[in-house]
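Here are my notes on the model you sent over, as numbered points.

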Amino acid sequence: MSLLNPSAAGLLRDARRIVVFTGAGISAESGVPTFRDDLTGLWAQFDAQRLATPEAFHADPDLVWGWYEWRRARVLHTEPNPGHLAAAAIEARVPGTVVITQNVDDLHERAGSRAPVHLHGSLFAPRCVAEAAHPAPVPELAAGVGEGRRIPPPRCADCGWLVRPGVVWFGEALPEAALTAAVDAAVACDLLLTVGTSGVVYPAAEIPRLAARSGATVIQVNPEPTPLDRVCEVNLRGPAAEILPALVAAAWKEI
Ligand code: OAD
């Protein structure tokens, strides 16, 4: 805590409209792998083109569905960490707070965030592959779900097409309502906290930049430098599960 930049706490305390913008790094300490970390990142171990594109699902739906079910099972075995709890604490303290996440896990929700904006969809929102407007129930996890296990996707109850994971794949547009909510919040906020994201995947990475251009102060929490460093007034280098609770504690002298 003593290492925390004191101006960051003051900026948080004085802010009235806050955006907490998160990426995979906020869930890292819960045990959910990030995407681009050298050895442990998902894209270091798996081929994104074989698993995270519409073409991949078309070519091998059982492989892709099975991979996302494996990821869902892993997330279900994790718990929110103090970083997620701190984001929810900010939201509880400052009513004009919007949590925007690129993560497809549900750890913000389980930490108490009311309605996080999921820019890249969710592992818990399967839908019909043909009709985005046809949501599907979240199925029971198949017995023995595991890495590399093929699992046939369910069928849409309305039209009989395959059900697909409700996540955004490479080459796809972001969900319109989520993108609109994120842009509106970024333009209107006076403080944006960007937490645990490499800031290289667009259009999501535009959100902190848009906030900065619209006059907001941007604070970054990340153990590593990122391309967002230069739009940030304060860069707090360290893990989210330590830095965010310390920031909240310093801002409101509690926790
Ligand atoms: P990345 O894997 O690109 O970046 C993770 C970031 O978290 C890095 O900058 C790490 O330094 C940082 N980090 C690691 N451990 C951390 C910790 N304990 N506390 C705080 N930060 C930590 O993940 P994202 O930026 O979320 O998209 O990736 C963006 C998008 O790329 C994802 O939503 C996903 C991916 O392809 C889709 O699947 C569409």
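1. Let's begin with the largest pocket, which has 42 lining residues; Ala-24, Thr-34, Phe-35, Arg-36 and Ser-198 are the ones nearest its centre. Helix H2 (25–28) and H6 are the elements that each give two or more residues to that lining. Bear in mind that this is a predicted model.

2. How big is the largest pocket, by volume? The volume of the largest pocket comes out at about 850 Å³.

3. What lines the largest cavity? It has 15 lining residues, and Val-32, Pro-33, Arg-71, Val-75 and Asp-105 lie nearest the cavity's centre. Sorted by class, the lining of the largest cavity is made of eight nonpolar, four polar and three charged residues.

4. Which helix gives the most to the lining of the largest cavity? That would be helix H6 (residues 61–76), with three residues. H6 turns up in the lining of the largest pocket as well, where it gives two or more residues.

5. On to helix packing. Helix H7 (residues 82–93) packs with helix H11 (residues 240–252) at an angle of about 30°, and their axes are 7 Å apart. Angles under 35 degrees count as roughly parallel, so H7 is roughly parallel to H11. The crossing of H7 past H11 is left-handed.

6. If you want to see who touches whom, colour these side by side. From H7, the contact uses Pro-82, Gly-83, Ala-86, Ala-89, Ile-90 and Arg-93. From H11, the partners are Ala-240, Ala-241, Leu-244, Pro-245, Val-248 and Trp-252. By class, the residues in this contact of H7 with H11 come to ten nonpolar, one polar and one charged.

7. Is the peptide bond between Tyr-202 and Pro-203 cis or trans? The bond joining Tyr-202 and Pro-203 is cis, with omega at about 5°. To find Pro-203, go to the loop between strand E6 (191–195) and helix H10 (206–213).

Terms used: Residues numbered from 1 in each chain as written. Predicted model: local features only at pLDDT ≥ 70, side-chain atom pairs only at ≥ 80, totals over all residues. Heavy atoms only, no water. Axes fitted to C-alpha atoms, helices over the stretch in contact; angles between N-to-C directions. Helix = DSSP H or I, 4+ residues; strand = E, 2+ residues; numbered from the N terminus. Parallel < 35°, antiparallel > 145°, perpendicular 65-115°, else oblique. Left-handed = near helix turned anticlockwise from the far one by under 90°. Contact = heavy atoms within 4.5 Å. Nonpolar A, V, L, I, M, F, W, Y, C, P; charged D, E, K, R; others polar. 1 Å grid on protein atoms, 1.4 Å probe; cavity = no way out; pocket = protein on both sides within 12 Å on 5 of 7 lines; lining within 4 Å. Points joined across faces, edges and corners; volume = space filled by probe spheres on them.
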